[in-house]
Amino acid sequence: MFADILLPVPFESFTYSVPTEMEQGLCVGSRVLVELGKTKKYAGIVLRLHQSQPTGVQVKPILSVLDANPIVTNRQLSFWRWLADYYISPFGDVYKAAFPGSMKQEKEKTRPQPLPCRAGSNYSNNGALQFGFETLPPPSPLTPAQQEAYDSILKSVGDGSHITLLHGVTSSGKTEIYIHLIQRFLNEGKQVLYLLPEIALTTQITQRLQRFFGDALGVYHSKFTDRQRTEVYMRQLSPQPYGLILGVRSSVFLPFQNLGLVIIDEEHETSYKQQEPAPRYHARSAAIMLARQYGAKTLLGTATPSLETYHLAQTGRYGYVSLTQRYADMQLPEIEVVDIARLRFQKRMKGAFSQQLIDAVQEALDRKEQVILFQNRRGFSSFLECKECGWVPRCQHCDVSLTYHKRQNQLVCHYCGAVYALPERCPACEEKDPQSQTVSLSGKFITKGTGTERIEEQISELFPSARISRMDLDTAKTRGQYQRVIDEFSDYQSDILIGTQMVSKGLDFDRVSVVGILDADTMLNQPDFRSYERTFHMLAQVAGRAGRKGHRGRVILQTRSADNPIIQHVVNNDYAAMYQEQMEERQLFRYPPFRRIIYVYLRHRDNDLLQHLADEHAALLRSVFGDRVLGPDTPPVGRISSFHIRKIILKIEPTASISSVRNSLLKLQQQLFTRPYATNLNVFYDVDPM
């Protein structure tokens, strides 16, 4: 007997022989220990058992069986296969992403207790499950507007819409509707997957859900330890699985026995898209496919839908439910636009702050209310610059300037993570004048750009008695740090929260009356066709944090582009106008939803050779796809971790077969690799890029 084994390496599968003594106990979906090459050993997944001996290769035997029973169901394997095919990713990379680290190790760590091995090894329980949360207090009653939306969602499901968009303004109570829907499906013995874009959101909502669902709730994300994630995974295979899973994008890889509902909150968020490493999947699309495999319903919730989702709802592909009334009849915040270009020219800015924003913050502090300040850039300053010659320290491995982190007193590359000491002298000046003396940082270099660390320093000077918290990737690296920052602000132990986009994603704080958006232009100026859409999403979501309860909030939006239509759409909360404007441009220039985009990336250490190979590959692609191919071009950051990068854009009609496109791309890739000079070339794909 032979077995096709999936390994956590970027290939499809490998065939091994099954020793006679293992034949009776081996199942599809079980882990086995195998050897790859001369020294490496991996825990692999059995994909198929058969009698077909491969020809022309030496078949190694399976070394040992790690599981008495399967730990991957047929539905999971089918879902993994779809992910690999759709996102043009090696099957092994999907397996590597799907499992907690200890489950991919060479030796058995934990034995699951799923149903016993039998033909087909499809262990999803289609019967009703019991979750034992009925003794907990029921959810709060819905408001009339929420009840109407809830009924409309159920009607949409009853009418056959398996995917429904809930378009509700910020602070309209979408979470309450989710809770009532979760309770309904759990009462029916079905499981629910509740996806959020950020770990910070899971920490805030977990306690809220535990009040109603108790031990039926399981939480799963990357900030948990490997052991904790393994325990959640194993419990989902057991006879007593969690009824409700709350987590971020990796939660789609968990096994489910009777999935009935998938909720994707803040569905517009780019955080749902995996960037590195492969598979570069979008959790929204993946969760929709996962729900389809189980016959489950999908609910997409947001105040600012992605244009693609809204388009599908408007054209009847998705159900659509709107919720326009905020909870307790709260008004949307008042948004005041401040033209900081004019103020800087008049020298009326105090650091990153206009007087209007300073006054608003002071008034909020005087009323014992809280403030959120949004700056979508971490660190102290974007870069350092020599006063004399303009030299800027850059990463040795990437084509980017280094960000200055004052607290650590170091320069950091935000792409490869390399850390550098502060320069004692300017090498450009020293080259011109070898006798130049060492000069202090403050004397020789000036800081350019403003990050959250610098904002924290400036706000401490402006409001010395205020208690300040900061939430970015520097202060919230671990689960405990996330929790600490959120708890401090929720418990009124801090007055001002400074943060990057983390603070924009659905966080709910009772006493926030003022939100300051310090620089709206950083998002507008991104070289991307989605930059205007993202700017609207971000600004509208951040603004929605103000005036959550009690009275109308106030938003001070600082920008150098006060006349930009997107800024006006945010001020007027006019999503429809933004949608119409962007759809006209998207259709004209053949962008989603009117085309499907695939980025083809090529990486090599030799820049000249890479350019030659990229030109050749673009020619090969044009021989099949014609004018659907754009490029090759060098992306804005053209070198990362010492690898030079080229990008080719492919625009495919939505009706085109993704499997045919995938097969053509892989065939042309193999054709390129026949060139003798294509060794060490890396080609990968980003389908539906964000």
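Let's start with some aromatic rings: Phe79, Trp82, Tyr86, Tyr87, Phe253 and Tyr281 are linked into a cluster by ring pairs. Keep in mind that what you're looking at is a predicted model. Counting across the structure gives 23 aromatic pairs. Take tryptophan 82 and tyrosine 86: their ring centres are 5.2 Å apart and their planes sit at 15°, so this pair is stacked. Both belong to helix 1 (residues 74-86), where four residues, about one turn of the helix, separate them. Tyrosine 86 is also buried, with a relative accessible area of 12%.

Now compare that with tyrosine 310 and tyrosine 320. Here the centres are 5.9 Å apart and the planes meet at 80°, so the pair is edge-to-face. Tyrosine 310 comes from helix 8 and tyrosine 320 from strand 12, ten residues apart. Tyrosine 310 is buried at 9% relative accessible area, while tyrosine 320, at 33%, counts as partly exposed.

Helix 8 (residues 307-314) deserves a look of its own, as six of its eight residues are buried. Among the elements covering those buried residues are helix 7 (283-294), strand 11 (297-302) and helix 18 (575-589). Just past the helix, glycine 316 has a positive phi of about 90°.

Finally, find the open sheet made of three strands in the order 16-17-18, with antiparallel pairing. Strand 16 (403-405) and strand 18 (419-420) are at the edges with a single partner strand each, so one side of each has no neighbour in the sheet. Strand 17 (residues 410-412) is joined to strand 18 by two bridges, and leucine 411 has tyrosine 420 as its bridge partner in strand 18.

Technical notes. Residues numbered from 1 in each chain as written. Predicted model: local features only at pLDDT ≥ 70, side-chain atom pairs only at ≥ 80, totals over all residues. Heavy atoms only, no water. Pairing = 2+ DSSP bridges. Buried < 20%, exposed > 50% of the residue type's maximum accessible area, 1.4 Å probe, protein only. Contact = heavy atoms within 4.5 Å. Phe/Tyr/Trp six-rings, centres within 6.5 Å; stacked < 30°, edge-to-face > 60°.
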